[in-house]
Amino acid sequence: MSTRDAVALLAGGVMIVSLLGTTNRTQAGTATSPLANTTGTGPSLAPLTSQADKQGARALISRLRVKDRGSSTGYQRTNYGGNWADSAPGVPYAGNGCRTRDDLLARDGRDVVRAGCTVLSLTLTDPYTGRDIDWRVSDADEIQVDHVVPLSYGWRMAAKSWPKSKRLDFANDPLNLLPVDGRANEEKDGSGPAAWLPPQRRIRCAYVTRFAQVAVKYDVPVTRADKQTMLAQCR
């Protein structure tokens with residue numbers, strides 16, 4: 001089946017479900033500070049603006065281990081299990097019957113319309129660019145769910161020696177996942193903070209703080225350049 005045919009089929013299914021009246025609409029909460037959201041279940045990413053918060057962020061970043069950038073040899077997405085698997089053994093939302101992507105869209109979106117687990121539409125304030133995105137499932141790639149610490153980065157720095165269960169958690173942990181503008185996510189690709197930071201400057205300290213939270217939780221080292229860049233965002 002072609003991508004166009006698949007989208008048409010999904011859109012037709014959405015229309016039928018809507019006509020049957022089984023959709024539901026939910027509201028998301030206010031974006032949360034990463035320092036107050038250690039599980040990743042709070043919505044989106046709020047800027048860190050106070051000196052006390054920035055000092056806390058720098059203390060967290062200072063804990064990161066440093067090592068040289070490793071090789072990408074052997075990396076492929078399937079090293080981390082299937083896309084948006086609901087079977088990760090140790091993270092929030094796992095086992096609830098919904099794909100991880102849908103869980104995260106529902107967490108961060110406003111005016112979220114769902115049919116069962118599937119998110120059909122929402123409005124997202126993108127933390128990376130600051131723009132509001134009115135999204136429909138037919139435009140799936142306009143919003144992408146970013147791995148804050150990219151899977152390829154994790155592989156280079158630590159994950160190639162992990163058991164499969166830890167990789168599955170890392171790929172599906174809401175702490176490591178943010179729905180964002182698709183173009184910004186594609187520009188980031190597998191970069192660390194020294195090579196890419198969100199275009200919206202006011203969110204950069206919060207972004208590197210979330211990066212550090214994930215790296216500490218999973219014991220992922222960072223490069224020296226990445227650590228220096230991260231510290232510089234929270235002055």
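Helices (H or I, at least four residues) and strands (E, at least two) are DSSP runs, numbered from the N terminus. Welcome to a predicted model, where local features need pLDDT of at least 70, side-chain atom pairs count only at pLDDT 80 or more, and totals for chains, interfaces and linings use all residues. Residues are numbered from 1 along each chain as its sequence is written, and side-chain values use heavy atoms, leaving out hydrogens and water.

**View 1. The largest pocket holds about 320 Å³ of space.** Of its 15 lining residues, Y75, R77, H147, L151 and N185 are the closest to the centre. On a 1 Å grid over the protein atoms alone, a pocket is an open set of points where a 1.4 Å probe fits, with protein on both sides within 12 Å along at least five of seven lines; lining residues have an atom within 4 Å of a point. Points are joined across faces, edges and corners, and the volume is the space filled by probe spheres set on them.

**View 2. Strand 5 gives the largest share of this pocket's lining, four residues.** Strand 5 (143–147), helix 4 (151–157) and helix 6 (182–188) each supply at least two lining residues. By class, the lining has five nonpolar, six polar and four charged residues. Here Ala, Val, Leu, Ile, Met, Phe, Trp, Tyr, Cys and Pro count as nonpolar, Asp, Glu, Lys and Arg as charged, and the others, Gly among them, as polar.

**View 3. Q144 sits in strand 5.** With 13% relative accessibility, Q144 counts as buried (under 20% relative accessible area; exposed is over 50%, partly exposed in between; 1.4 Å probe, protein chains only). Its side chain makes a polar contact of 2.8 Å with that of N185, and another of 2.8 Å with that of E186. A polar contact is a pair of N or O atoms within 3.5 Å; within protein, one must be able to donate a hydrogen and the other to accept it, and residues adjacent in sequence count only if both atoms are side-chain atoms.

**View 4. W196 and Y207 form an edge-to-face aromatic pair, 5.7 Å centre to centre with 75° between the planes.** W196 lies in the loop between helix 6 and helix 7 and Y207 in helix 7, so the pair ties together parts eleven residues apart in sequence. Rings of Phe, Tyr and Trp (its six-membered ring) pair if their centres lie within 6.5 Å; planes under 30 degrees apart count as stacked, over 60 as edge-to-face and the rest as tilted.
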